[in-house]
Every structure is written in C-alpha cells, then in structure tokens.
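Dear colleague,

I am handing over the structure below, and I would be glad if you could read it alongside the notes that follow.

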Amino acid sequence: MTMAWFRNLKKLSLTKPPLRSTNPHPFLPSTFLLSHFSSHPIPDAAAEAAELSRPPGLGPTVSGEKPRVVVLGSGWAGCRLMKGLDTSIYDVVCVSPRNHMVFTPLLASTCVGTLEFRSVAEPIGRIQPSISREPGSYFFLANCTSVNTDEHSVQCETVTDGLNTLKPWRFKLSYDKLIIALGSQPLTFGIHGVKEHAIFLREVYHAQEIRRKLLLNLMLSDVPGISVEEKRRLLHCVVVGGGPTGVEFSGELSDFIIKDVTQRYAHVKDYIQVTLIEANEILSSFDDRLRHYATKQLTKSGVQLVRGIVKDVKPQSIILNDGSEVPYGLLVWSTGVGPSPFVNSLEVPKSPGGRIGIDEWLRVPAVEDVFAIGDCSGFLESTGKQVLPALAQVAERQGKYLAALLNKIGKEGGGRAGSGKDLELGDPFVYKHLGSMATIGRYKALVDLRQSKEAKGISMAGFLSWFVWRSAYLTRVISWRNRLYVAVNWATTFIFGRDISRI
C-alpha cells in the first residue's frame with residue numbers, strides 16, 4: 001500500500017502545473033480591476049496617443065505661483081547665484097549635466113590621492129535646499145539644446161549614461177528669468193588627436209580618469225618582460241599648458257613621485273618623468289619674480305620644462321613644432337578655455353572672444369529677462385569694459401551680484417516675465433581682483449595679491465605662501481561638510497601618505 005501511495009505521489013509531481021494567471025482575481029476581467037483602482041475610465045487608443053503627444057515640461061507661471069528662475073549650469077557662477085536667491089520670492093529650476101559643483105582649485109589634488117573626489121564636489125541640493133524641498137523648484141539632469149526668447153522657454157534633453165540606457169527625453173521649460181551660466185570648454189586649437197588621446201582637467205570624472213590611467217601605467221610598467229623603452233613611455237606624464245592648472249598638477253604629480261612612488265613602486269622609480277610643455281612663459285599672469293621661483297622649484301622637483309607648440313597628438317606620442325616627437329603614457333591638456341558649441345549657436349551679440357555679450361548689469365541686451373554670468377559671458381565693446389578673465393572668483397562674484405539684483409527686482413514686483421522693464425536696477429557690476437594663488441608642490445606655493453600684472457602689491461612665495469594657499473581655499477570650500485572632508489584628507493595624507501588604490 002505504501003508503494004502505491006508513492007507511485008501516485010510521483011505521478012502528481014510530474015504532472016505539468018497549470019499556467020498562472022497574472023490576474024489576482026481570475027473570476028474578474030482585468031478591465032474591471034483597472035477601473036476599480038482608478039477614478040478615470042480606461043482611455044482608448046486615441047486618448048492615450050494624445051496624452052503621449054502632449055509636450056512635457058513646465059509651462060508658464062500663473063497667478064498665485066512664484067516667478068520661476070531657470071539657471072543653466074552648475075558651476076561657480078550658477079551655484080553662487082542659486083545660493084543667494086531668495087526662495088520666498090522665486091522658484092528655482094536648475095538644468096545641468098551634473099548634479100554637483102566642482103571646487104576646481106583643489107581638483108588637481110584628487111588626481112594623485114591627496115584628496116578624495118567627494119571632497120571637491122558639493123551637491124546642488126545642499127547649495128540650494130529649496131530644489132529638494134519646494135514643490136515648484138527642481139533640478140534636472142539635462143542639457144539645454146535651444147532657447148526661445150520670444151516664448152520665454154528653453155528646450156532641454158536629459159543626460160544618459162552610455163549606450164545601453166534609455167533614450168534621451170526632451171522637455172520644455174518656461175521661465176520668467178533665464179540665467180545662462182554654462183561655463184566654457186577646453187581649447188584644443190584644432191590640433192588633431194587632442195580630444196581622442198588627451199585628458200582635460202575640469203571635471204571630477206577627468207580627475208578620476210587621470211588617476212586610473214596614472215596608477216595603471218605604474219602597475220603595467222612593473223610587469224616582467226616590459227622593455228625599458230616602453231617602461232619609460234608608460235611612466236612619462238606630459239602636461240600641456242603652463243597656466244595655474246597645469247603648474248599645480250605638475251607640482252602635485254612631482255610631489256606624489258618624490259613621496260609615494262619612490263617608496264611603493266621602488267622597481268620603476270627611476271623611470272617616471274614629468275614634462276610640462278608651454279608655448280611661452282609659465283604662469284604668465286604672475287609676477288616675474290614668482291614665475292622664476294616656480295620655474296626653479298619645479299625643475300628642482302624633477303619636472304622638465306619644455307618650450308614648444310604641439311602640432312599633432314598621436315596615441316602614444318606628440319609632435320612639437322620643431323619636429324621632435326615626445327612619447328607619453330599620460331597626456332593632460334590644460335591650455336585655456338573658450339566658448340562651448342551651444343554658446344556659439346546662440347543668436348545674440350557676442351563679446352570679443354565669442355562669449356555672450358552682456359551689459360553692466362549682466363543682462364543680455366538683445367533679449368528680455370535673460371542674463372549671462374561666468375566664463376560664457378563677456379562685456380560688450382559698447383560698455384567700454386574689458387572682458388574679464390575666466391576665473392572662479394569672477395564667476396562667483398557675478399553670481400553673488402546677480403542674486404542680489406534679482407532679489408531686488410522680485411521685491412519691487414518685477415519678477416514676472418516682461419514686468420521689470422521700468423525698474424531702477426541700481427549700481428552696475430564692478431569686479432575687483434583679489435589676487436592669484438598656485439601651489440607648486442613640496443609645501444611651496446605662490447601668492448600674488450596685486451590688482452593687475454602692472455600694479456604694485458604683495459607677492460610672496462615659499463612655505464608661508466603654501467600655508468596661506470591652503471588656509472584660503474579651506475575657507476572658500478562651500479560647506480562645512482566639505483571643509484571637514486578636506487581637512488581630514490590633508491591630515492591623513494600627511495600622516496599615512498597618499499592612497500594609491502586603483503578603484
């Protein structure tokens with residue numbers, strides 16, 4: 001009897017189970033269930049098509065809503081503006097391909113592990129909390145593709161990550177006030193191969209790529225069987241551009257080699273080399289005495305200074321104007337910045353150099369309710385003012401000024417689109433240069449506090465300048481959270497050395 005019971009059990013287990021219905025109530029049709037949980041009738045095909053064809057986005061603000069300020073960009077200018085805006089007056093909408101601001105003066109330190117990447121990135125939601133809390137304020141991870149000043153709207157397209165993701169989604173935003181703070185892009189001067197083979201140093205992902213490439217080359221050069229020639233190429237780091245960014249990165253890299261590579265990569269320490277290529281003098285905006293000091297200290301640190309112009313960039317070498325070929329394993333490009341393709345495409349008057357033309361109050365005179373700040377803007381020749389340099393302190397000062405101006409306009413009832421024509425704007429924007437600083441490694445830096453290259457003022461170099469440089473930038477980091485990160489990272493690096501994990 002027991003055997004018969006097991007045979008019946010076996011037959012039941014081998015029997016194919018019936019298909020499971022996706023309807024949790026098999027006796028009720030699916031249409032009934034949908035209508036049961038929805039207050040609307042089930043749309044037909046035409047209604048559904050109409051819903052899908054409806055243009056997404058934020059329409060014009062209406063009575064009872066706060067005026068909307070749309071900020072394009074999340075750099076120094078745009079973030080300082082958003083931080084200073086009175087959110088009891090305005091709704092703030094930020095459109096940017098990144099959801100954070102980069103503290104660029106310390107970006108070079110992250111490439112070699114002196115600082116962690118999150119120490120130089122400040123989330124937009126922390127800079128302007130209303131974006132995360134207020135119902136009419138938003139942050140959109142997107143790029144602006146066009147501006148319609150007649151309709152007071154911008155067309156945007158979401159940012160995607162790689163090929164195997166959702167297709168970009170297009171949407172439209174209406175604005176009462178539009179702030180263009182899109183920054184600039186690195187200049188390549190049309191040199192072949194720069195975009196394909198060189199790495200820029202303007203974003204956190206640039207620093208991450210440099211770090212991964214540098215550590216990879218260090219590890220590959222230690223593999224048995226690598227020829228001496230290939231080892232020297234892999235460990236040759238070439239920096240093109242002798243401005244503050246190029247010099248600071250060269251100084252950080254030489255410091256990394258002296259303090260960390262010699263201890264942790266002892267087998268290849270004699271092969272690693274840093275070369276800084278500049279067409280003219282390095283740090284041309286600094287005092288002559290400081291430039292000579294920087295040249296001397298960089299040379300003493302092992303950085304080879306080469307005066308030349310790059311004519312061609314190949315996958316493993318660059319060609320200079322004198323015909324010489326320089327092999328490299330890591331190529332960092334830092335030769336200045338210029339207008340982005342989007343800025344070039346805007347049909348507005350341009351300042352010298354191709355930037356968006358602005359007046360003394362940072363308005364774009366050709367259109368209504370549009371302002372431009374930061375690296376993407378420049379004074380029109382009709383203003384009689386010179387185009388300001390593409391510096392973080394310029395962008396930050398413009399953002400602070402424009403926030404105060406917009407708050408004033410809003411309090412006087414001019415926040416709505418087209419309603420601020422007859423308002424008195426007050427004092428125009430005036431920029432006062434606070435000076436320049438740059439670190440050159442080995443606990444040394446340059447501090448130039450003159451108003452201009454021709455003016456007189458304080459300029460110093462050495463360890464005291466390095467202390468001033470660190471103190472100044474530590475206070476300029478936006479949040480106390482990141483100041484703590486930076487201070488802890490500096491202390492950790494001083495005690496334990498730099499982190500060389502390739503993550």
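Helices here are DSSP runs of H or I with at least four residues, numbered from the N terminus. The axes of α15 and α16, which are lines fitted to C-alpha atoms over the stretch in contact, with angles from 0 to 180 degrees between N-to-C directions, come within 9 Å and cross at roughly 150 degrees. That makes α15 roughly antiparallel to α16, since this word applies to angles over 145 degrees, and roughly parallel to those under 35.

This is a predicted model, in which local features need pLDDT of at least 70 and side-chain atom pairs count only at pLDDT 80 or more, while totals for chains, interfaces and linings use all residues. Residues are numbered from 1 along each chain as its sequence is written, and side-chain values use heavy atoms, leaving out hydrogens and water.

A second pair is α4 (residues 76–84) and α14 (residues 392–411), whose axes come within 7 Å and cross at roughly 30 degrees, and α4 and α14 are therefore roughly parallel to each other. Their crossing is right-handed.

How values were computed
Helix = DSSP H or I, 4+ residues; strand = E, 2+ residues; numbered from the N terminus. Parallel < 35°, antiparallel > 145°, perpendicular 65-115°, else oblique. Left-handed = near helix turned anticlockwise from the far one by under 90°.
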